[in-house]
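Here is a friendly tour of one protein chain. Take a look at the sequence and the 3D view, and keep both at hand as you read.

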Amino acid sequence: MDKWRYIIAIITFIGFCILWLTYNTSVIEAFDKNASNLLYGLDFITLFHYLGETKVIFFISLILLIFIGARLKDLKLMLFVFLTVGLGYGLYQFLKHLIERPRPEIPDQFSTYSFPSGHAVHGLLYLLTIAYVISKMVISKKASQFIWGIAIILLLLIGTSRITEGRHYASDVLAGWMLGYSWFMLCVWWYETGNRKKVNKKTH
């Protein structure tokens with residue numbers, strides 16, 4: 001991938017850390033309140049939270065792993081999916097329990113912690129992983145851009161759905177996107193670094 005995407009990943013990780021340290025400040029609280037006032041109750045967007053459910057993500061990821069094993073026969077790419085989706089799940093769960101931010105106060109609210117949003121992190125990770133795998137198979141640049149575009153739109157809707165139904169603060173979702181993208185690009189770096197070395201050896 002282009003180097004600028006790795007640079008963005010570093011920036012998003014810094015952004016995540018900043019939100020972690022400042023989510024209880026007046027500036028972020030005002031941001032969360034304004035976002036909630038703007039988005040809360042938008043039922044159309046709320047429906048997209050189903051695409052970010054853990055069971056759905058792991059089921060689709062399992063299908064992706066089977067496809068890679070049967071069609072592409074790339075064991076390292078299968079491990080890449082495990083790192084992005086599997087360890088990504090463990091990462092945000094660990095951070096939730098480490099940070100222990102309470103969720104917004106609404107009726108019938110979940111009892112789990114709020115920061116970062118799991119739907120934002122996990123939704124981004126599995127959708128970008130799918131786009132990454134599929135884009136390696138298509139020749140057309142336009143088709144690849146279309147796939148990435150759909151993935152980005154869906155991950156934005158999944159994350160935003162957590163604000164529209166009051167399950168998360170906007171800063172939880174934003175932090176989730178930042179953390180998810182940083183972790184995804186770290187996994188991409190791991191995958192592509194080893195592959196580039198193999199290509200270089202073959203050309204010499």
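The chain has eight helices and zero strands, where helices (H or I, at least four residues) and strands (E, at least two) are DSSP runs numbered from the N terminus. This is a predicted model, in which local features need pLDDT of at least 70 and side-chain atom pairs count only at pLDDT 80 or more, while totals for chains, interfaces and linings use all residues. Residues are numbered from 1 along each chain as its sequence is written, and side-chain values use heavy atoms, with hydrogens and water left out.

**Overall shape**

Read from the N terminus, the elements follow the order α-α-α-α-α-α-α-α. The radius of gyration is 18 Å, close to the 17 Å given by the globule rule for 204 residues, so the chain is as compact as a globular protein of that length. That radius is taken over C-alpha atoms, and the rule is 2.2 Å times the number of residues to the power 0.38. The C-alpha trace spans about 60 × 30 × 30 Å along its principal axes. Of the 204 residues, 45% count as buried; buried means under 20% relative accessible area, exposed over 50%, and partly exposed in between (1.4 Å probe, protein chains only).

Two packed helices are described by the angle between their axes and the distance between the axes. Here the axes are lines fitted to C-alpha atoms over the stretch in contact, and angles run from 0 to 180 degrees between N-to-C directions.

How do α4 and α6 cross? The axes of α4 (residues 54–72) and α6 (residues 118–135) come within 11 Å and cross at roughly 20 degrees. That makes the two helices roughly parallel, a word used for angles under 35 degrees, with over 145 counting as roughly antiparallel, 65 to 115 as roughly perpendicular and the rest as oblique. Among the residues of α4 in this contact are I57, F58 and L64, and α6 contributes residues including H122, Y126 and V133; contact means heavy atoms within 4.5 Å.

Helix α5 (residues 75–99) also packs with α6, at about 170 degrees and with the axes 9 Å apart. That makes α5 roughly antiparallel to α6. Their contact includes F80, Y89 and K96 of α5 together with V121, L125 and Y132 of α6.

R162 sits in helix α7 (residues 141–164). Beyond its neighbours within four places in sequence, R162 is in contact with residues including H49, R103, F110 and H168. L65, in helix α4, touches M78 and V81, not counting residues up to four places away in sequence.

Now for the loops. K73 is found between α4 and α5, and its phi is near 50 degrees, a positive value in a residue other than glycine. E100 is in the loop between α5 and α6, with a positive phi near 60 degrees, and E100 is not glycine either. P116 is also found in the loop between α5 and α6, and the peptide bond from F115 to P116 is cis, with omega near -5 degrees.

How accessible are some of these residues?

| Residue | Relative accessible area | Class |
|---|---|---|
| R162 | 5% | buried |
| L65 | 23% | partly exposed |
| E100 | 43% | partly exposed |
| K73 | 63% | exposed |
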